[in-house]
Amino acid sequence: MKIDHLVINVSKEYQTDSSTIDYIRNNGFPYEPKWGKGTSGFKASNIWIGDEYFEMVRILKANGGGWREDWVKKYNHNHRGLICLFIDTDNITEEFERLSNLGVNISAPEYLKFKWCFGLLTRTMPWQNSYLPFFEGVPFQLGFQQMKDAASRNWMQQYMIPNSRENGIDQITALSLCGNYTDNDKELILKIFPNASVDTDKIFVELPSGQKLSFVQRETHNVEVFTKCKDNNSKGKSIIIHNISVVNI
């Protein structure tokens with residue numbers, strides 16, 4: 001397992017306002033908001049951080065134009081910030097069966113599809129997703145993702161440009177996911193990550209990739225992203241996207 005990407009609901013300025021775009025770029029993150037997938041109903045733009053990324057989504061029409069329906073509803077009700085954290089796995093079917101047997105309401109793996117060209121065409125992406133239920137105390141969910149094959153992964157990596165590797169920012173190393181988790185939320189986290197360690201106010205997970213997740217009990221919801229940075233010009237710089245802060249360390 002490894003961190004794959006964060007799906008983030010963003011307001012218009014993160015894709016259209018030149019000062020906001022320059023703010024992201026000037027802090028070490030090359031960003032081309034005009035690139036990325038979309039339809040007449042949604043626009044996605046990516047910040048690539050090595051092999052991980054932020055998928056920043058803006059809804060252009062109330063129906064979302066083929067984007068995931070429950071995410072569209074939350075966007076239309078003013079949700080901004082992290083909506084889904086995807087964990088890459090080598091065997092999504094195994095994870096689905098394991099969690100289903102534990103009573104978790106996880107969706108069956110399916111290839112991501114969305115309609116475009118006025119709904120006349122359907123595009124199928126070369127990866128499968130499974131979605132965990134939304135947490136009760138914080139407004140996001142976890143998901144699993146598996147690429148179809150090595151060729152599909154190589155195809156995907158070709159589109160990971162411009163990449164923050166250009167500025168010595170190589171990887172997302174850790175996430176601190178803060179919020180008012182309920183007892184049911186904590187039970188769900190421990191089912192998803194059975195090797196997690198539990199502290200007074202935190203559930204800590206070290207993924208096989210070496211990346212770390214901390215589910216931190218706090219009254220306010222925010223997300224802290226930490227990156228591996230080897231360039232002195234980029235080290236220590238940070239950006240804020242809604243309730244998400246990103247720090248190069």
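Which residue in S14 is the bridge partner of Phe226?

**Entry 1. Basis of the notes**

I worked from a predicted model, in which local features need pLDDT of at least 70, side-chain atom pairs count only at pLDDT 80 or more, and totals for chains, interfaces and linings use all residues. Residues are numbered from 1 along each chain as its sequence is written, and side-chain values use heavy atoms, with hydrogens and water left out.

**Entry 2. Strands around Phe226**

I took helices (H or I, at least four residues) and strands (E, at least two) as DSSP runs, numbered from the N terminus. I counted two strands as paired if DSSP finds at least two bridges between them. My opening question is settled by Val247, the bridge partner of Phe226 in S14. I found that S12 pairs with strand S14 (residues 244-248) in the parallel sense, over 5 bridges. I then looked at strand S8 (residues 169-179), which pairs with strand S12 (residues 222-229) in the antiparallel sense over 8 bridges. There, Ala174 stands opposite Phe226.

I next followed S14 to S13, and 4 bridges join these two antiparallel strands. Val247 of S14 has Ser238 opposite. The hairpin of S13 and S14 has 2 residues between the strands, and His242 takes a positive phi near 55 degrees in that hairpin.

In H4 I listed Ile92, Glu95 and Leu99 as the buried residues. Seen down the axis of H4, these fall within an arc of 60 degrees (taken from the directions from the helix axis to the C-beta atoms), so they line one face of the helix. Just after H4, I noted that Gly103 takes a positive phi of about 85 degrees.

In helix H6 (residues 183-192) the buried residues are Asp185, Leu188, Ile189 and Ile192. Their arc around the axis is only 100 degrees, which puts them on the same side of H6. I checked what they pack against, with contact meaning heavy atoms within 4.5 Å: the partners are H4, strand S7 (141-147), strand S10 (202-206) and strand S11 (212-217).

**Entry 3. Salt bridges**

Glu95 is buried at 9% relative accessibility, whereas Arg98 is partly exposed at 26%.

Another joins Lys73 and Glu69 (3.6 Å, N to O). Both lie in helix H3 (residues 69-76), 4 residues apart, about one turn of the helix. Glu69 is exposed, at 55% relative accessible area.

Which distant parts of the chain does the pair of Lys230 and Asp170 link? Their side chains meet in a salt bridge at 3.4 Å, N to O. Lys230 lies in the loop between S12 and strand S13 (238-241) and Asp170 in strand S8, 60 residues apart. Lys230 is exposed, at 63%. I also recorded a network of salt bridges that links Asp22, Arg25 and Glu32.

**Entry 4. Aromatic rings**

I counted 11 aromatic pairs in the whole structure. Rings of Phe, Tyr and Trp (its six-membered ring) pair if their centres lie within 6.5 Å; planes under 30 degrees apart count as stacked, over 60 as edge-to-face and the rest as tilted. Phe42 and Trp67 form a tilted pair, 4.7 Å centre to centre with 35 degrees between the planes. Phe42 lies in strand S2 (residues 42-49) and Trp67 in the loop between strand S3 (52-59) and H3, so the pair ties together parts that are 25 residues apart in sequence. Phe42 is buried at 1%, and Trp67 is buried at 8%.

Phe86 and Tyr131 form an edge-to-face pair, 5.8 Å centre to centre with 70 degrees between the planes. Phe86 is in strand S4 (residues 81-88) and Tyr131 in strand S6 (residues 121-131), 45 residues apart. Both are buried. I noted one aromatic cluster formed by Phe42, Trp67, Trp71, Phe86 and Tyr131.

Note on methods
Salt bridge = Lys/Arg side-chain N within 4 Å of Asp/Glu carboxyl O. Buried < 20%, exposed > 50% of the residue type's maximum accessible area, 1.4 Å probe, protein only.
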